[in-house]
Amino acid sequence: MRRLNRSLQGLSLRKTMLVAFLIGAVMALGQAPWGLWPLTLIGFVLVTILLEAATSTRKASFTGWAVGCGYFAVTLSWIVEPFLVDIARHGWMAPFALFLMAGGLALFWGAAFGLARWMGQGRYAGLALVVTLPFVELARAYVFTGFPWGMPAYIWVGLAPMQLAALIGSHGVNVLTLLMTAGVWSLSGFHRPAAIMFGIVSWGLSPLFVLFTALHPPVSDAEQPLLRLLQPNAPQHLKWDPDWIPVFFDRNLEFTADPGDHGRPDLIIWPETSVPARLSADDYAITLIRDAANGVPVVFGIGHGRGDGYFNSMAVMDDAGALTQTYDKMHLVPFGEYVPFSDLMARFGIYGLAATQGYGFTPGDGAQLLDLGPLGKAMPLICYEAVFPQDLNAAPDGADWILQITNDAWFGTISGPWQHLAQARFRAVEQGKPLVRVANTGVTALIGARGDIRAQLPFGTEGYLDVRLPPAGGETLYRRTGDWPVFLILLFFCGVLTLSRDRSGNRC
């Protein structure tokens with residue numbers, strides 16, 4: 001190990017950054033849809049070796065930034081897709097968007113590596129990374145409206161460690177992931193018994209929790225309400241084409257009116273912005289939905305203009321055809337649904353990609369619940385609001401299930417929709433609630449309270465899915481505590497690591 005360390009220390013900064021970038025790119029293959037999670041774990045060990053070989057805080061920071069650039073460039077490669085919908089107008093922005101997004105998010109990782117080197121003074125830098133990287137990932141979820149897409153925790157989707165999100169949330173699973181890799185490796189270099197203990201605890205915790213949950217099997221959903229989830233499959237470049245608007249709308253009407261193999265459903269759900277009309281009880285499109293539903297309540301996505309702005313909304317039509325409730329999306333996509341400093345940006349012809357009115361959408365008032373009578377109370381989410389654990393925790397208590405409507409046609413067909421689905425599965429586990437996901441082009445799916453996919457429609461096809469709403473699990477610890485425990489623990493250890501340094505830079 002010492003020989004390897006000396007060899008790495010002899011590498012120039014440029015070569016070190018190139019190696020780090022390649023490792024980061026391979027680490028990203030642990031994310032959906034690839035799911036090669038062992039590569040992410042091995043990658044964290046390799047970048048820990050690079051970190052411990054860094055001869056200065058500056059070199060460590062640049063190394064971490066390069067790792068982040070590779071990781072986010074691959075994970076967020078779908079980010080170019082929205083700019084290719086109207087390629088003549090926005091296509092030129094695509095490479096800049098990927099470069100700026102990957103490079104910008106990588107600054108967080110650069111800061112984490114630099115802080116780890118400064119706190120750990122080389123030999124203990126790997127242990128410090130267990131604290132600093134989850135800490136900056138937590139910051140990434142909140143700073144500048146937040147964008148926690150592609151967190152390391154999400155490599156565990158569908159695997160045992162995902163279930164721990166019910167206790168410690170996704171940010172806690174980030175800590176666990178670093179403990180399994182950087183922590184165990186770093187400790188093995190100077191205290192092997194401690195490394196073995198860390199390994200047993202970090203690798204054994206998840207299976208034990210899964211064994212515990214297995215002793216409490218989910219309740220049967222045979223008598224639960226029947227939901228119909230619609231997927232019209234409207235590609236984004238055709239979605240608002242005047243010739244195609246009636247085609248997609250008529251598909252939804254046809255799916256709504258279909259008697260189905262299991263009889264009429266108790267609720268019909270349309271995806272995000274699937275109604276090409278204004279939200280008004282007198283609008284002809286609303287009348288057509290009312291007629292097609294024929295006494296079945298409908299939830300649909302629609303643009304909603306009021307005197308105080310234009311909203312991306314979810315509306316509820318009851319069994320009598322009356323519009324009873326709306327939810328306005330509160331967490332908007334920067335540069336997608338609105339543009340920061342819009343007056344200035346408009347001078348350069350830059351508007352939100354999904355904007356249809358002026359400079360874009362207006363944020364809603366906040367998280368809320370929809371009272372759906374016999375179907376219980378639903379926690380509404382529109383599109384990428386499902387990416388933010390804190391948004392769900394901000395909703396009032398008493399939800400029976402989570403309802404996400406989305407238009408993932410913006411995200412392309414390769415990785416974006418599958419990563420969005422993976423994050424929705426984590427939200428179900430964190431909240432202990434089933435999650436109903438209705439997407440324009442897919443993935444439309446029913447997710448159980450433990451993040452398991454009960455049913456789904458094939459991606460990129462039109463159709464509908466009749467499913468029984470699973471019962472909710474009990475209230476989770478994460479629902480009660482949120483991110484505060486993880487934040488305070490990480491803050492405490494940051495303080496311990498900082499205070500353990502003396503003025504000469506050696507550890508006490």
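Predicted model: local features only at pLDDT ≥ 70, side-chain atom pairs only at ≥ 80, totals over all residues.
Me: Why is Cys 69 called buried?
Reply: Cys 69 has a relative accessibility of 8%. Buried means under 20%, so Cys 69 counts as buried.

Me: What makes Cys 494 buried or exposed?
Reply: Its relative accessible area is 12%. The cut-off for buried is under 20%, and therefore Cys 494 is buried.

Me: How many disulfides does the structure hold?
Reply: The structure holds zero disulfides. The name needs a pair of cysteine sulfur atoms within 2.5 Å.

Me: Why is Phe 459 called partly exposed?
Reply: Its relative accessible area is 22%. Buried would need a value under 20%, and exposed a value over 50%. The value for Phe 459 falls in between, so the residue is partly exposed.

Me: Where is Phe 459 found?
Reply: Phe 459 sits in the loop between strand E11 (453-456) and strand E12 (463-468). Its C-alpha atom is separated by 9.6 Å from that of Trp 418, and the two residues are 41 residues apart along the chain.

Me: What makes strand E3 mostly covered?
Reply: E3 spans residues 298-306, and seven of its nine residues are buried.

Me: How do you know that E3 and strand E4 pair?
Reply: Two strands pair if there are at least two bridges between them. E3 and E4 (residues 309-317) have nine bridges, in the antiparallel sense, so they are counted as paired. One of the residues involved is Val 299, whose bridge partner in E4 is Val 316. E3 and E4 form a hairpin, with two residues between them.

Me: What makes strand E2 a partner of E3?
Reply: Two bridges join E2 (residues 267-269) to E3, and these strands run parallel. The rule asks for at least two bridges, so E2 and E3 pair. Val 299 of E3 is the bridge partner of Ile 269.

Me: Which residues of the largest nonpolar core touch the most other members?
Reply: They are Leu 227, Ile 269, Trp 401, Leu 403 and Val 436, out of 74 residues in the core. Helix H7 (residues 94-120) gives the most to this core, with nine residues. A second, separate core has 20 residues, including Leu 230, Val 275, Ala 277 and Val 296.

Me: Why is one side of E6 and of E11 left without a neighbour in the sheet?
Reply: The open sheet has six strands in the order E6-E7-E8-E9-E10-E11, with mixed pairing. Strand E6 (370-371) and E11 stand at the edges and each has a single partner strand, so one side of each lacks a neighbour in the sheet.

Me: What makes E7 and strand E8 a pair?
Reply: Five bridges join E7 to E8 (residues 401-406), and the two run parallel. At least two bridges are needed, so E7 and E8 pair. Ala 378 has Trp 401 as its bridge partner in E8.

Me: How many cavities of 30 Å³ or more does the structure hold?
Reply: There are three of them. A cavity is a space where a 1.4 Å probe fits but cannot get out.

Me: What lines the largest cavity?
Reply: It is lined by 15 residues, and Lys 239, Phe 248, Phe 249, Thr 273 and Ser 274 lie nearest its centre. Helix H12 (residues 245-257) supplies the largest share, four residues. By class the lining has nine nonpolar, four polar and two charged residues.

Me: Which element gives the most to the lining of the second largest cavity?
Reply: E7 does, with three residues. This cavity holds about 50 Å³ of space, and its lining divides into eight nonpolar, one polar and one charged residues.

Me: Which residues are closest to the centre of the second largest pocket?
Reply: This pocket has a volume of about 650 Å³. Among the 26 residues that line the pocket, the closest to its centre are Val 130, Val 175, Leu 179, Ile 489 and Phe 493. H18 (484-499) gives the largest share of the lining, seven residues. The lining has 20 nonpolar, five polar and one charged residues.

Notes
Residues numbered from 1 in each chain as written. Heavy atoms only, no water. Buried < 20%, exposed > 50% of the residue type's maximum accessible area, 1.4 Å probe, protein only. Core = buried A, V, L, I, M, F, W, Y, C linked by side-chain atoms within 4.5 Å. 1 Å grid on protein atoms, 1.4 Å probe; cavity = no way out; pocket = protein on both sides within 12 Å on 5 of 7 lines; lining within 4 Å. Points joined across faces, edges and corners; volume = space filled by probe spheres on them. Nonpolar A, V, L, I, M, F, W, Y, C, P; charged D, E, K, R; others polar.
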